[in-house]
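The following note records comments on the model shown below.

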Amino acid sequence: MASLPKRIIKETERLVTDPVPGITAEPHDDNLRYFKVTIEGPAGSPYENGLFHLELYLPDDYPMEAPKVRFLTKIYHPNIDRLGRICLDILKTNWSPALQIRTVLLSVQALLASPNPNDPLANDVAEDWIKNETGAKAKAKEWTSLYAKKE
Amino acid sequence: MGNVPTKLDQDGNPIEPVSRPGYPSGNTGSSSTGTSFSGQSTNDGKTRSKRATSLVSTFLNSGSRYRSGSMQDTTYHSPHKKRSTKEKEQMKEQHARNIIVKYDESVDGGFMAPFGSYSYDKLDYDATVVKSLIIQRRLAPFYTPLQDFDPTWSREELLKIVDGLPLHASFDENPEEFEDIPIGDLKKPNFDYLIDKSSSKKEYRNMHSKIFKARLYQKRIYWQERENESFLETKLEVREGKAQNNYLPSNDLKYDLYSNGSECPICFLYFPEPMNYSKCCQQPICTECFVQIKRAEPHFPHEEVDPTKPIQNDNEKDPNLLTTEPSNCPYCATAEFAVVYTPPKNRKVGIQGIPPATYKSVNEPSETNDKDETTTAKNPNNVVSSDAIRPDWENKLNKERIRLARRSANATAIHVSNQLIDPDYASTSNDTTISSSRKTTITTSRHGSNTASRGSRQRSRQSIQDLENEMIQEAIRLSLEDEQQQNKSLKNKSPKKK
Ligand SMILES: [Zn+2]
Ligand SMILES: [Zn+2]
């Protein structure tokens, strides 16, 4: 393995010295490209009071290639599927090397605050969201208290 | 200052003369060079259909070329002309030599090749074009980066750090990719003896290409390390007073370069100013990051997987629909990324400038230089688009289309015949699984509207494309047949020669 690029080292340092409110990201001891992430559910959303665990991996070609991010905590959301995969444009075709771990996680947090059922990844959830928004949000809230409890 | 080529150019400095159409190797800012770099317009249907036609004619041409048996037809100048393996390998080797950092090939304190922040296989930009742009002062040179910068450093501290900088980043000497591949004696050009004689033609070709790659990787390390050594030795000799060298930078030059720099927002490394700036939003970008930014690989439109539709196999799609878009600005996402570079006023050093060793700091800015700045800032020649440093993107796209057309010859034939029977075949087969309510919501979504607008345009071109598909089919069939024929006859002849 080639040595860790300066950019990854500096990003990691800055995440520690200047953390994002409601978000933590810590590199793994034996793989500094692999991060354990937590995101607090945004206030006013069905995910409020939940703590969601995610994994983030920086591929070899990062920052020319987007980080890989996945929810580990079960979540009811139209843009997140059963495997925790996230439908977010900046993680795919709209990735830019000027984006960072920080900006990616902020975008994921924003996605929790405003789901977009018209651009779905989890179709059954999206359909539910469109047909019966109140019911869907109640279910999301229920899942939050079931699976995303803060310890 | 610096308009007469100095000693540096004349005393056998091994710089290839850069003479390409549209690149006068003369001084900076000369007349009409800008046009060849301005963004290429690709957005209208005309270019698209032109490309499609050229694809068809290429097939037809290659078919007739094989049929007439004139393999050495020199009038055939298609960009898809088949190069021999040997020619391709020579080009790759030349490219590898072009991206070696040499301390005696410098421009304004930076170099002609990247330091090595990105992996070797990602350095697929056109090195000849980039070198030429650097010499013309239209793109910042590749500076050796500092990992960190502390503005409280004294001049002595900074010089000590700069003196300790290597010419190139360290290498991964044994990458996993080449772990079990023999490379033989690098000094001997022939390495066929490394390949098992009993292997099939396909296995042989595979192995040949793997060994070539592994050898080139090692050769490049060897070439770069030879440069590193000669750089170190020269530095040492000069420090001990045993020799003089014009190519090593003076202390004034090192200080002026590195005392006034900034961090590249993409690699987070510290570089001397002036850097390249994005044309759209004036954000800095180092040249090493700039050469990494390129079009996405050829892909089909609206590739994002829409789980409400059955996955359409790429084999079933029309190769002519493969596309790539010019890269966007990484900072503000403006289309057709381009950078502007304004060369330093008081520092024309290295190739086409004064020897780096003789550089002295100038403290008072002169009036003539201020004038210089205003003219260069407005000079459109200083804009370099991302496409300009990979001028072969269109060839690559066409090659990919051909590859796909070959691979999916059968699948396409089925698709074409389905389309002929039922013109709505493509759309109906996709839409059947979607409930009517869902269909309306999808068209309001981002992907959906895309699909809709493209779909209507597609349908009007459908009949032309059917025809083209068929022509491609026929051309492929003929050329494959002829290729087989050719191979057979070659096989029959070859034993006599060998
Ligand atoms: Zn950079
Ligand atoms: Zn921009």
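1. Val339(B) has Val384(B), in strand 8 of chain B, as its bridge partner. Strand 7 (338-340) and strand 8 (383-385) of chain B run antiparallel and are joined by 3 bridges. Strands are DSSP runs (E) of at least two residues and helices are runs (H or I) of at least four, both numbered from the N terminus; two strands pair if DSSP finds at least two bridges between them.

2. The coordinates are those of a predicted model, in which local features need pLDDT of at least 70, side-chain atom pairs count only at pLDDT 80 or more, and totals for chains, interfaces and linings use all residues; side-chain values use heavy atoms, with hydrogens and water left out. Residues are numbered from 1 along each chain as its sequence is written, while chains are lettered from A and ligands numbered from 1 in the order in which they are written.

3. The two strands of point 1 belong to an open sheet of 4 strands in chain B, ordered 6-5-7-8 with antiparallel pairing. Strand 6 and strand 8 of chain B are the edges; each has a single partner strand, so one side of each lacks a neighbour in the sheet.

4. Which residues hold the zinc ion (ligand 2)? Its donors are the SG atoms of Cys280(B), Cys281(B), Cys329(B) and Cys332(B), at 2.3 Å; donors are N, O and S atoms within 2.8 Å of the metal (3.2 Å for Na, K and Ca), and sites may look incomplete, as water is not among the atoms. The angles among the 4 donor atoms run from 99 to 126°, and the site is tetrahedral, a label given to four donors if all angles lie between 85 and 135 degrees. Along the chain the donors follow the spacing C-C-x47-C-x2-C. Cys281(B) sits in the loop between strand 5 (276-278) and strand 6 (284-285) of chain B, and Cys332(B) in the loop between helix 8 (287-290) and strand 7 of chain B, so this pair ties together parts 51 residues apart in sequence.

5. For reference, the ideal angle for four tetrahedral donors is 109.5 degrees. Cys267(B), in the loop between strand 3 (261-263) and strand 4 (270-272) of chain B, and Cys286(B), in the loop between strand 6 and helix 8 of chain B, link distant parts of the chain, 19 residues apart.

6. At the zinc ion (ligand 2), Cys329(B) is buried at 2%, whereas Cys281(B) is partly exposed at 22%, as is Cys332(B) at 35%. The whole structure contains 0 disulfides over all chains, a disulfide being a pair of cysteine sulfur atoms within 2.5 Å.

7. Lys122(B) lies in the loop between strand 2 (110-111) and helix 4 (127-135) of chain B and is partly exposed, at 28% relative accessibility. Not counting residues up to four places away in sequence, Lys122(B) touches Asp61(A), Gln292(B) and Arg390(B), where contact means heavy atoms within 4.5 Å. Lys122(B) and Gln292(B) are 170 residues apart in sequence, yet 7.1 Å apart in space, C-alpha to C-alpha.

8. Helix 4 of chain B is mostly covered, with 8 of its 9 residues buried; among them are Val129(B), Val130(B) and Leu133(B). The cover includes helix 3 (85-98), strand 1 (106-107), strand 2 and strand 8 of chain B.

9. In chain A, strand 3 (residues 51-57) and strand 4 pair in the antiparallel sense over 4 bridges, with Tyr57(A) opposite Lys68(A).

10. Chain B has an average pLDDT of 73, and 59% of its residues score at least 70; pLDDT is the predictor's confidence in each residue, from 0 to 100. Residues 366-376 of chain B fall below 50, and this stretch has 6 contacts beyond near neighbours in sequence. Residues 425-462 of chain B are also below 50, with 38 such contacts. For the complex, the predictor gives an ipTM of 0.92 and a pTM of 0.72.

Definitions and conventions. Four donors count as tetrahedral if all angles lie between 85 and 135 degrees; four count as square planar and six as octahedral if opposite donors are over 155 degrees apart and all others between 65 and 115; anything else is irregular. Buried means under 20% relative accessible area, exposed over 50%, partly exposed in between (1.4 Å probe, protein chains only).
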